[in-house]
Amino acid sequence: MTAPVKLAVVYYSSTGTIAEIAREIGQAAEKAGAEVRLLKAAELAPQSAIDSNEAWAANQAATAGLAEAGPADIEWADAVVFGTPTRFGNVASQLKQFIDTLGGLWAEGKLADKVYSGFTSSATTHGGQESTLLALYNTIHHFGGLLVTPGYTDPSKFADGNPYGTSHVDAQGNNPVDDQTRTAAAVQAARVVRLAEALKKGSEA
Ligand SMILES: Cc1cc2nc3c(=O)[nH]c(=O)nc-3n(C[C@H](O)[C@H](O)[C@H](O)COP(=O)(O)O)c2cc1C
C-alpha cells in the first residue's frame, strides 16, 4: 500500500490573510488523505515595522507557535504548496529568501519530480495576483518540479476566475477570507494531493 502523500504548505503572511488560506489548504489536504506540515517562512522585517501595524503584530502572535520552514521540510515532501501575498505583483521577499535557501537541495537534484502549487492574495481586485503566481511558478521550472494548478477543472473556478491558484482580495484586511476562497483552497488542495498520489504510486510501480 502506498504511504500517504507528504505535503508541505509553506507560506509567508504579514497581516494574516495568507496564514488563513494556508490553514484552509492544510486542512483540505489532510481531508484528502495527505500528511501535512504547515510551515511559515521566517520573518525578515524589523520588529518595529511589525509593531507599527496592529494586524501584522496580531498575526505574528497568533502564529508564534508554528514552525519555520527549513530545507529538510521540502526534502521530506512529495508536494509543496507555497503561499505569498502579492508584493507589487511579485513574491514576498520572506518567501523568496526561504526559496533561496534551497540551492543545496537543487544542486543535489532533490527538488525535482515533486508536485508544486501556489496561492496568493492582494489588497485590490486582480492587484497582481496572477503575476505573483506566475513569478512564483518560474522557480518551479528551475526545480524540475511538476506544477499542478487548479485550471478550470471544477465548476467553482468559473466563479473565482483564477486558474493559476487560489487567490483572495483582502481589501487591506476589510475583506476576510470567505467561502469562495475557502472553496478554491479546497479544490486546489484536493487536486494537488490526488496528482501527487498518482505520481507516488507511479514511481513506486
Ligand atoms: C510592500 C507591499 C506591496 C504590496 N503590493 C500590492 C499590490 O501590488 N497590489 C495589491 O493589490 N496589494 C498589494 N499589497 C497588499 C497585500 O498583498 C495584501 O494586503 C495581502 O492580501 C496581504 O496578505 P497577508 O495578510 O497574508 O500579509 C502590498 C502590500 C505591501 C506591504
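Predicted model: local features only at pLDDT ≥ 70, side-chain atom pairs only at ≥ 80, totals over all residues.
Residues are numbered from 1 along each chain as its sequence is written, and side-chain values use heavy atoms, with hydrogens and water left out.

**Around the ligand**

- The ligand has 17 residues around it, and the closest include Ser 13, Thr 15 and Asp 170 (a residue is near if one of its heavy atoms lies within 4 Å).
- By class, this shell holds 11 polar, 4 nonpolar and 2 charged residues (Ala, Val, Leu, Ile, Met, Phe, Trp, Tyr, Cys and Pro count as nonpolar, Asp, Glu, Lys and Arg as charged, and the others, Gly among them, as polar).

**Polar atoms by the ligand**

- Ser 13 has a polar side-chain atom 2.6 Å from a ligand oxygen.
- Thr 17 uses its backbone instead: a polar atom there is 2.9 Å from an oxygen of the ligand.
- Ala 123 also has a backbone N or O atom by a ligand oxygen, at 3.1 Å.
- On its own the ligand would expose 650 Å², and the protein buries 77% of that (areas come from the Shrake-Rupley method with a 1.4 Å probe; for residues, only the protein chains shown count as cover).

**The largest pocket**

- This is where the ligand sits (more than half of its atoms lie within 2 Å of the pocket's grid points).
- A pocket here is an open set of points on a 1 Å grid over the protein atoms alone, where a 1.4 Å probe fits, with protein on both sides within 12 Å along at least five of seven lines; lining residues have an atom within 4 Å of a point.
- Its lining counts 22 residues, with Thr 15, Thr 17, Arg 87, Asp 170 and Gln 172 nearest the centre.
- Helix H3 (54–62), H1, E3 and E5 each supply at least two residues of that lining.

**The second largest pocket**

- Gln 129, Asp 160, Asn 162, Ser 167 and Val 169 are closest to the centre of this one, out of 15 lining residues.
- E7 gives the most to the lining, with 3 residues.
- The lining splits into 11 polar, 3 charged and 1 nonpolar.

Terms used:
Polar contact = N/O pair within 3.5 Å; in protein donor to acceptor, adjacent residues only side chain to side chain. Helix = DSSP H or I, 4+ residues; strand = E, 2+ residues; numbered from the N terminus.
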